[in-house]
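Dear colleague,

My notes on it follow directly after.

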Amino acid sequence: MNRPAFAPADPFRITQVSRHWPACRNFRDLQESWLPEHRHEDGFALWWLEQPVASAVFIAPVVFGDLYLKEFISDDVPFAPKGPLPIHAGAFYDGWPNTPVWSEISPKLPWHPGSEGILIEYDGGSVVVLEQGPDPVYHEPTVIWHCAVCHDRDQMGAVNDGPDARMAMAMDALEHLRRGHDPLSPLLQHQVAIAARGPGADGTDLIGRACRTNGPCADIARLRAAH
Ligand SMILES: [Zn+2]
Ligand SMILES: [Zn+2]
C-alpha cells in the first residue's frame, strides 16, 4: 500500500515500547521483519510510533529500551515522547510490522482517547477523516471519512484497530479527491427528487442540511468545536 511517509521530525507519539528476548514467544519470527544488520540476537526493543495517519517503528538493542523506559516512562498510554530516542543505536522502519506474529501483539488503540476525533482534513476541510465510537454494525470503534461537498458517500467505516486502518481510510479519502467530487449519484438524484418534491425545494441542499443537522457533518462540527 502507498503509505504517507512518517516524518520523525514532526510531532509523534509512542504508543508503546515493547521488548523482545530470545526466550520470548516467536522471537525468531519477529526478528525476520528486520534487515540482517538490525537484528539483535540477544534481544531488541521496539518503539511503536504514530502520527495521525502515519506510523513507524524504531528498533534498538533491548538495553536501550530498558534505559528509555526507566528514564522516560509515563503513566499515560499512549504517551508523547518524553526524551530523545537513542537514534545512534537503532533504525527507523516506515509502518508497523504486519506479519501474523506481529499482528497478534501490535497495539490496537485508536488515536484519540475515547476514540472520537478528527485525524486529518484535506482540501481545506471539505474531506475529513475521523474516529468514531462503537458503530451499530461492528460494535467497535470505527474510522470513517466524510466529504462535506458530496455528503452522500457510503458511510461504511473500518474497525479502528490501529494505524493501518486509519491510513487506509485516509487513502480512500484522497482517492475521492483525486476522482473529483460527485455530489449526486443517479440513485441519490432520484431519492432527492422524491424528497424535494414541492415548490422551491432545492434537492441538493436538503441532503447537506440533513447532514449538517444530524449526520457526519454535524459530528465533524462537534469535534471541531471540542478541539
Ligand atoms: Zn456531510
Ligand atoms: Zn466529495
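**The sheet and its central pairing**

Strands β6 (residues 127-134) and β7 (residues 141-147) run antiparallel and are joined by 7 bridges. Please bear in mind throughout that this is a predicted model.

Gln132 has Thr142 of β7 as its bridge partner, and Val128 stands opposite His146 in β7. The hairpin of β6 and β7 has 6 residues between the strands, and within this hairpin His139 takes a positive phi near 55°.

The two strands belong to an open sheet of 4 strands, in the order β5-β6-β7-β8, with antiparallel pairing. The edges are held by β5 (117-122) and β8 (158-159); each has a single partner strand, so one side of each is left without a neighbour in the sheet. Strands of a sheet in general pair through backbone hydrogen bonds, in either a parallel or an antiparallel manner. Between β7 and β8 the antiparallel pairing extends over 2 bridges, and Thr142 stands opposite Val159 in β8.

How many of the residues of β7 are buried? The strand is mostly covered, with 7 of its 7 residues buried. Pro141, Val143, Trp145 and Cys147 point one way from β7, while Thr142, Ile144 and His146 point the other way. This follows a general rule: in a regular strand the side chains alternate between the two faces of the sheet.

Helix α4 (residues 163-179) lies across β5, β6, β7 and β8, and runs at about 15° to β7.

**Helix α2**

Which residues of helix α2 (residues 62-72) are buried? Phe64, Gly65 and Tyr68 are buried there. Viewed down the axis of α2, the buried residues fall within an arc of 100°, so they line one face of the helix.

**The largest nonpolar core**

The largest nonpolar core has 37 residues, of which Trp47, Leu49, Val57, Phe58 and Val129 touch the most other members. At least two residues of this core are supplied by each of β2, β3, α2, β5, β6, β7 and α4. The core also draws at least three residues from each of domain 1 (3-103) and domain 2 (113-226). As a general matter, nonpolar side chains in soluble globular proteins tend to be buried together.

Leu49 may be taken as an example. Not counting residues up to four places away in sequence, Leu49 touches Phe6, Phe12, Ile14, Ser55, Ala56, Val57 and Phe58.

**Two loop residues with positive phi**

Asn26 has a phi near 60°, a positive value in a residue other than glycine. Asn26 lies in the loop between β1 (13-20) and α1 (27-31). With 15 C-beta neighbours inside 10 Å, Asn26 counts as partly exposed.

Ser115 is not a glycine either, and has a positive phi of about 55°. Ser115 is placed in the loop between α3 (100-105) and β5. Is Ser115 buried, exposed or partly exposed? Because Ser115 has 17 C-beta neighbours inside 10 Å, this residue counts as partly exposed.

With kind regards

Terms used. Residues numbered from 1 in each chain as written. Chains lettered and ligands numbered in written order. Predicted model: local features only at pLDDT ≥ 70, side-chain atom pairs only at ≥ 80, totals over all residues. Pairing = 2+ DSSP bridges. Contact = placed C-beta atoms within 7 Å. Axes fitted to C-alpha atoms, helices over the stretch in contact; angles between N-to-C directions. Buried ≥ 20, exposed ≤ 12 C-beta atoms within 10 Å, placed from the backbone. Arc of directions from axis to C-beta. Core = buried A, V, L, I, M, F, W, Y, C linked by C-beta atoms within 7 Å. Domains from an automatic or database assignment.
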